[in-house]
Amino acid sequence: MTTEDHGLSKRLVIEGRRIAAQHARLTELWQQFVAAFEGEQLELTRLTFRELRDGLLAHFDLEERLQIPALHGADAGLRPALARIVADHTRFREELSVLERHVEAGAFEALRGPAAKMSEGVAEHEDFEEKLFPGASKS
Ligand SMILES: [Fe+2]
Ligand SMILES: [Fe+2]
């Protein structure tokens, strides 16, 4: 392993810890958003949704700028798993647009199904990443 490889591996582990911490924070934001729309609090629903959406989009971008290219270059065997992660992000960005329309319209009833589906998908996605990204595993 070259010094450069070693530096990248260390950085990936540090970033992996940051990714796992962001997953925990995003889970809290989901809970706040769900509580707001279940309580039919329009302003709070909008505020918590925007925070959740911005947090998720920044998080996906970070993974796509750092983890995905680094692991793609390091291990060709990981490529199908990395492609799945990027495909999930694309789907989540679309799902966020659907949620945003319901949030802006104050359509609480319409939010419930798509929000639950996306939340489940994101939780499963995060577990998958935490097993894959160096430094992100909880165990
Ligand atoms: Fe991700
Ligand atoms: Fe993630």
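Start by selecting H2 and H4: H2 passes H4 in a left-handed crossing. You are looking at a predicted model, so keep that in mind at every stop. The axes of H2 and H4 are 11 Å apart and the packing angle is about 165°. That angle is over 145 degrees, which makes H2 roughly antiparallel to H4.

Now show the side chains along this contact. On H2, pick Thr-45, Arg-46, Phe-49, Arg-53, Leu-56, Phe-60, Glu-63 and Glu-64. They meet Ile-85, Val-86, His-89, Phe-92, Leu-96, Leu-99, Glu-100 and Val-103 in H4. Color by residue type and the contact of H2 with H4 splits into nine nonpolar, two polar and five charged residues.

**Zoom out**

How many helices and strands does the chain have? There are five helices and zero strands, so from the N terminus the elements read α-α-α-α-α. Along the principal axes, the C-alpha atoms fill a box of roughly 55 × 25 × 25 Å. Color by burial next: of the chain's 139 residues, 19% count as buried.

**Into the core**

Which residues make up the largest nonpolar core? Select Phe-33, Ala-36, Phe-37, Phe-49, Leu-52, Leu-56, Phe-60, Leu-99, Val-103, Leu-111 and Ala-115, 11 residues in all. Helices H1 (3-38), H2 (42-65), H4 (79-105) and H5 (108-132) each give two or more residues to this core. H2 supplies the largest share, with four residues. As background, nonpolar side chains in soluble globular proteins tend to be buried together.

Center on Leu-111, one of the core residues. Ignore its neighbours within four places in sequence, and Leu-111 is in contact with Phe-37, Leu-99, His-102 and Val-103.

**H4 against H5**

Keep H4 on screen and bring up H5. The axes of H4 and H5 come within 10 Å and cross at roughly 155°. That makes H4 roughly antiparallel to H5, and the crossing of H4 and H5 is left-handed.

- From H4: Ala-81, Ile-85, Asp-88, Phe-92, Glu-95, Val-98, Leu-99, His-102 and Val-103.
- From H5: Ala-110, Leu-111, Pro-114, Ala-115, Met-118, Val-122, His-125, Glu-129 and Leu-132.

By type, the contact of H4 with H5 divides into 13 nonpolar, two polar and three charged residues.

While you're here, click on Ala-81, which sits in helix H4. Ala-81 counts as partly exposed because it has 14 C-beta neighbours inside 10 Å.

**H3 against H4**

Next, select helix H3, residues 67-74. H3 and H4 pack at an angle of about 165°, and their axes are 9 Å apart. H3 is therefore roughly antiparallel to H4. The crossing of H3 and H4 is left-handed.

Which residues make this contact? H3 brings Ile-68, Leu-71 and His-72, and H4 brings Arg-79, Leu-82, Ile-85 and Val-86. The residues of the contact of H3 with H4 comprise five nonpolar, one polar and one charged. Ile-85 is worth a label, as it is listed on the H4 side of the contact with H3, of the contact with H5 and of the contact with H2.

**Two last stops**

Move over to Leu-62, found in helix H2. Is Leu-62 buried or partly exposed? It has 15 C-beta neighbours inside 10 Å, so Leu-62 counts as partly exposed. Draw a distance to Glu-15, which is 47 residues away along the chain: the C-alpha atoms of Leu-62 and Glu-15 are separated by 9.4 Å.

Finish in the loop between H1 and H2, the place of Glu-40. Check its backbone: Glu-40 has a positive phi of about 55° although it is not a glycine. For context, most residues other than glycine have a negative phi. Glu-40 is exposed, because 11 other C-beta atoms lie within 10 Å and the cut-off for exposed is 12 or fewer.

Key. Residues numbered from 1 in each chain as written. Chains lettered and ligands numbered in written order. Predicted model: local features only at pLDDT ≥ 70, side-chain atom pairs only at ≥ 80, totals over all residues. Core = buried A, V, L, I, M, F, W, Y, C linked by C-beta atoms within 7 Å. Buried ≥ 20, exposed ≤ 12 C-beta atoms within 10 Å, placed from the backbone. Contact = placed C-beta atoms within 7 Å. Axes fitted to C-alpha atoms, helices over the stretch in contact; angles between N-to-C directions. Parallel < 35°, antiparallel > 145°, perpendicular 65-115°, else oblique. Left-handed = near helix turned anticlockwise from the far one by under 90°. Nonpolar A, V, L, I, M, F, W, Y, C, P; charged D, E, K, R; others polar.
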